[in-house]
Amino acid sequence: MGDDELEAGRQAYARRQWEAAREHLTRVDPATLGVDDLRALSSAAYLTGDRNAAIGYLQRAHSLDVAAGDRLAAAREAHFLAMIFSTSGEPAVGAGWVARAERLVEDESDDAAIRGHLLIHEMFRRLFSGDLAGMLASCERIEQIGRTRGDPDLVTFALASSGRALLYLGRVREGLARLDEAMVGLATGEVSPIMAGQIYCSMIEGCQEISDYERMTQWTEALTRWCDDQLGLVAFTGQCAVHRGQILRARASFPEALAELALAIERYRANGMDPAVGLAMYERGEILRTLGDLEGAGAAYDEAATWGHEPQPGLSLLWLAHGRTAAAATSIRRVLDEARDPVARSRRLGPAVDILCAAGALDEADRASVELGSIAESFGCQALNATASYAAALVALARDDPAGSLTHLRRAWKLWIDLGARYDAARARVRIALALRALGDTVSATSELSVAQRTFAELGAEPARREVERLLATGLPDGLTSREVEVLRLVATGRSNPQIAAALFLSEKTVARHLSNIFVKTGVTSRTAAAAYAHEHDLA
């Protein structure tokens with residue numbers, strides 16, 4: 001019985017059926033499991049979301065290797081234990097295991113594979129201390145050892161991590177080239193499962209940070225397939241759901257994004273990764289703020305902060321939405337001061353321009369806009385270029401240059417449309433309308449506002465919809481609403497009530513009510529007179 005279970009567990013492990021592998025191997029008498037089977041059982045437990053069990057099995061394997069005098073194997077186990085503890089919010093424990101591993105390999109050559117694996121910890125220390133040049137040097141050494149020793153884990157990890165370092169140093173095109181090469185390594189299937197999952201998530205996060213949604217989408221789809229191909233996999237499925245949620249938020253599919261984020265939170269907690277919940281809660285706050293649930297957004301930002309995730313720039317934008325403009329401006333200035341590398345600044349400069357324009361700090365807003373434009377040009381990512389163009393347009397509008405703003409706005413609108421970012425494209429439409437209105441083209445302005453209003457209504461973006469409603473009301477004669485103007489415009493084309501109902505997705509009864517209101521407000525008594533009124537007031 002024991003031998004059958006052991007063989008079944010080994011076969012399931014080879015097929016990457018982690019839950020089955022774990023079930024079979026745990027039925028074997030623990031005293032009879034060798035170190036290879038204990039390592040396999042540890043990996044299966046980790047990948048099915050039980051980190052505590054993974055640690056226990058790996059510690060047993062480590063003890064057996066120490067007792068047998070296999071210092072190299074014991075050092076590798078100590079390294080893996082350090083990685084688990086360090087990524088689970090216990091860095092001090094992780095550092096202890098690193099020290100043990102380094103002591104065990106004192107006699108190993110400098111280019112031994114284990115040296116490359118232990119350099120991973122040095123690389124992370126340099127990253128977290130802000131030493132990006134040192135981080136890059138560590139990656140180069142890890143890659144060199146990996147190529148010398150034929151270790152695909154080391155080579156692919158070094159490519160991905162050096163790519164991230166280059167992004168932070170502002171060398172985005174070089175960084176992306178390294179990430180692309182790392183993705184080729186993942187596609188070969190040579191990288192071990194736990195390392196592969198970590199690299200996938202790191203690379204997707206890097207793309208999200210620079211607003212490269214094209215790569216982010218493609219690689220998230222690849223990660224989703226990778227997860228789906230491994231039965232019983234829990235590890236990395238939380239990160240996968242967060243990335244899907246981020247993509248859906250960018251495309252304004254807000255209900256679907258919220259569902260993915262809820263799944264991510266559930267998976268993070270199932271996998272013992274509660275600190276990672278902070279990112280998912282921040283993304284949830286961003287969506288709720290957009291939808292107008294300001295109280296819910298505030299609660300989500302608070303929980304994100306509780307788990308150690310900086311709730312900015314969303315929190316500053318939330319204060320702006322509450323009318324606390326001075327507080328928002330003070331906060332965003334602090335956030336910008338703390339952002340040193342171009343990647344971090346690229347994610348804060350767009351919101352900063354919004355807030356600083358609202359606060360009347362136009363010189364600051366202009367400087368932020370110019371810097372964002374420079375970063376966007378160097379990054380070469382569509383979404384960031386759209387944000388930079390929109391920011392430049394906001395400054396131009398605030399400085400009474402509507403004609404100058406239009407070029408920027410139409411570029412932002414086109415880029416966002418190409419990306420499927422409907423909410424952002426509608427925001428650009430609103431500013432296009434304001435520019436057109438300032439230039440005296442009220443008919444075109446009303447048309448742009450009407451389209452934006454419909455988009456916001458479809459997306460459930462209530463604050464933006466209400467803003468457009470107010471803008472339409474302020475530019476319309478005789479107290480007509482924007483919907484009444486839409487009906488009036490179609491009346492002027494000669495359409496019947498059923499045709500108008502079909503065009504505007506209304507009932508005929510609602511169209512008749514709107515038409516009655518139009519007659520009362522404008523003083524006309526027939527459809528012909530209503531059409532004439534529309535032409536006289538440039539509403540046709």
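A: What follows goes through several salt bridges one by one. The model is predicted, so local features need pLDDT of at least 70 and side-chain atom pairs count only at pLDDT 80 or more, while totals for chains, interfaces and linings use all residues. Residues are numbered from 1 along each chain as its sequence is written, and side-chain values use heavy atoms, with hydrogens and water left out.

The whole structure holds 37 salt bridges (a side-chain nitrogen of Lys or Arg within 4 Å of a carboxyl oxygen of Asp or Glu). One of them joins Asp111 to Arg149, with the closest N and O atoms 2.9 Å apart. Asp111 lies in the loop between helix H6 (91-104) and helix H7 (113-128) and Arg149 in helix H8 (residues 132-149), so the pair ties together parts 38 residues apart in sequence. Helices here are DSSP runs (H or I, at least four residues), numbered from the N terminus. Asp111 is partly exposed at 28% relative accessible area, and Arg149 is partly exposed at 44% (buried is under 20%, exposed over 50%, partly exposed in between, with a 1.4 Å probe and protein chains only).

Arg164 pairs with Glu209 in another salt bridge, the closest N and O atoms being 3.3 Å apart. This pair links helix H9 to helix H11 (residues 193-209), across 45 residues. Arg164 is buried at 7%, and Glu209 is buried at 16%.

Within helix H15 (residues 277-291), Arg289 and Glu286 are three residues apart, so about one helical turn separates them. Their side chains form a salt bridge at 3.2 Å, N to O. Arg289 is buried at 18% and Glu286 at 8%.

Finally, salt bridges link Asp36, Arg39, Asp65 and Glu77 in a network.

Notes. Helices (H or I, at least four residues) and strands (E, at least two) are DSSP runs, numbered from the N terminus.
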